Amino acid sequence: MVRPNTLTVEQTARLLHVPESFLPRLYERRLFPAPDADGCFDAGRVRVALRRLPWLRELGVPLCERELAGIDPRLRIPPYRGFTWSQRRYCRLWQCLDAAWAPAA
């Protein structure tokens, strides 16, 4: 049973439009609150994070290279990810961040 004013991992992932496996990437970089000991996220801290970093609401939105550069000029669309539409490549923000944050091989 979930405590009041908390979000499960599944609910949090759906709120951000990301897979559950991406959430640790966010809180390891201190961009998002870590879950409590029971694995649930405090809803108040989640709201604060979304206000502080509005781009967190855009994690599931496909963005083109120019839009990614508006968030961080170092972001690129990873090879073999995303899609082409109207002669522009698009990829979801979380996929670009996941590739950028991946450990160097």
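Residues are numbered from 1 along each chain as its sequence is written. Because the model is predicted, local features require pLDDT of at least 70 and side-chain atom pairs count only at pLDDT 80 or more, whereas totals for chains, interfaces and linings use all residues; side-chain values rest on heavy atoms, with hydrogens and water left out.

The protein chain contains 5 helices and 5 strands, where helices (H or I, at least four residues) and strands (E, at least two) are DSSP runs numbered from the N terminus. Along the sequence these elements follow the pattern β-α-α-β-α-β-α-β-β-α. The C-alpha trace spans about 45 × 30 × 20 Å along its principal axes. Of the 105 residues in the chain, 34% are buried; buried denotes under 20% relative accessible area, exposed over 50%, and partly exposed in between (1.4 Å probe, protein chains only). Among contacts (heavy atoms within 4.5 Å) with a separation of 6 or more, 50% join residues 24 or more positions apart.

The largest nonpolar core has 27 residues, a nonpolar core being a set of buried Ala, Val, Leu, Ile, Met, Phe, Trp, Tyr and Cys residues joined through side-chain atoms within 4.5 Å. Residues with the most contacts inside this core are L16, V18, F22, L26, F32, L56 and L59. Two or more core residues come from each of α1 (9-16), α2 (23-28), α3 (43-52) and α5, and the largest share, 5 residues, is that of α5. Within α5, the buried residues are L93, W94, Q95, C96, L97 and W101. Their cover includes α2, β3 (62-64), α4 (65-71) and β5 (88-92). F22 touches L59, W94, L97, D98 and W101, residues up to four places away in sequence being left out of the count.

Helix α5 (residues 93-101) also gives the most to the lining of the largest pocket, with 3 residues. On a 1 Å grid over the protein atoms alone, a cavity is a set of points where a 1.4 Å probe fits but cannot get out, whereas a pocket is an open set with protein on both sides within 12 Å along at least five of seven lines; lining residues have an atom within 4 Å of a point. The volume of the largest pocket is about 160 Å³, taken as the space filled by probe spheres set on the grid points. Its lining comprises L31, W55, I71, D72, R74, L75, L97, A100 and W101. By class, 7 of the lining residues are nonpolar, none is polar and 2 are charged.

The structure holds 0 disulfides, a disulfide being a pair of cysteine sulfur atoms within 2.5 Å. The sulfur of C91 lies 3.8 Å from the closest cysteine sulfur, in C96, and is therefore too far away for a bond. C91 is buried because its relative accessibility is 0%. C40 is likewise buried, with a relative accessible area of 10%.

T6, in strand β1 (residues 6-7), touches C40 as well as Q11, F41 and A43, again not counting residues up to four places away in sequence. T6 counts as buried because its relative accessibility is 9%. T84, in strand β4 (residues 83-85), is exposed, with a relative accessible area of 56%. T84 and E20 are 64 residues apart in sequence and 26 Å apart in space, C-alpha to C-alpha.

Methods
Nonpolar A, V, L, I, M, F, W, Y, C, P; charged D, E, K, R; others polar.
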